[in-house]
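Colleague: I would like to learn how to read a structural model with some care. Could you take me through one, feature by feature?

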Amino acid sequence: MSPSIPLLPLLVAVATGLMIALLGPINALLQPKAGTWGLSTVVHVVGLTVSVLGLLLIQRNGFLGWALEPSLRGGLVVGAALGLLACALLLYRGLQQGLPWYSYLGGVIGLLVVLGTVFSIQRLGVANAMTIILASQIATAAVVGHLGLLGQAANPVSLLKMVGLGVMVAGAVVAVRN
């Protein structure tokens with residue numbers, strides 16, 4: 001690894017690619033029961049709730065460098081409480097319908113993908129971050145498909161696919177080092 005590429009942003013970019021590859025199959029678990037609009041609603045309610053909780057936590061610990069007005073903070077607390085209630089009800093209903101608990105992680109993963117992408121691009125640059133994220137995403141998708149994880153049909157990786165994956169990862173290493 002090049003000394004100019006810091007380890008933490010590199011790991012965050014790899015993790016972001018991994019999460020992008022897992023996001024589709026996880027959302028696909030929920031879609032047959034919830035429908036397209038239901039899936040979108042669940043993903044956004046969960047993501048918004050986690051975002052509001054994160055904002056409250058960061059603000060409480062002073063990382064933002066400014067304090068929220070008490071009325072805004074109160075509104076965020078009420079919003080977080082209502083969001084948690086909605087998430088609990090959605091999860092309860094899904095578990096009753098036989099859905100695995102992790103099928104509700106799409107909103108959290110989506111939020112982490114956005115944060116990871118922004119963090120990686122700020123520290124690695126657009127080309128390096130996107131190269132690493134894409135290579136990680138495709139490698140993870142190949143593993144998920146090969147093993148048939150998360151309800152996906154097994155799609156064995158052929159030798160030709162392995163060669164292509166190797167070339168892509170080698171290209172990513174060369175692109176990031178230069």
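Colleague: How many aromatic pairs does the structure hold?

Modeller: A pair of aromatic rings is described by the distance of the centres and the angle of the planes. Rings of Phe, Tyr and Trp (its six-membered ring) pair if their centres lie within 6.5 Å, and planes under 30 degrees apart count as stacked, over 60 as edge-to-face and the rest as tilted. The structure holds one aromatic pair. The ring centres of W101 and Y102 lie 5.7 Å apart with the planes at 85 degrees, so this pair is edge-to-face.

Modeller: Please keep in mind that this is a predicted model, in which local features need pLDDT of at least 70 and side-chain atom pairs count only at pLDDT 80 or more, while totals for chains, interfaces and linings use all residues. Residues are numbered from 1 along each chain as its sequence is written, and side-chain values use heavy atoms, with hydrogens and water left out.

Colleague: Is W101 buried or exposed?

Modeller: Buried means under 20% relative accessible area, exposed over 50%, and partly exposed in between (1.4 Å probe, protein chains only). W101 counts as exposed because its relative accessibility is 56%, whereas Y102, at 30%, counts as partly exposed.

Colleague: Where is S136 placed, and which residues does S136 touch, not counting those up to four places away in sequence?

Modeller: Helices are DSSP runs (H or I, at least four residues), numbered from the N terminus. S136 sits in helix α4, residues 126–147, and counts as buried at 10% relative accessibility. Contact means heavy atoms within 4.5 Å, and, leaving aside residues up to four places away in sequence, S136 touches V14, G17 and L18.

Terms used:
Helix = DSSP H or I, 4+ residues; strand = E, 2+ residues; numbered from the N terminus.
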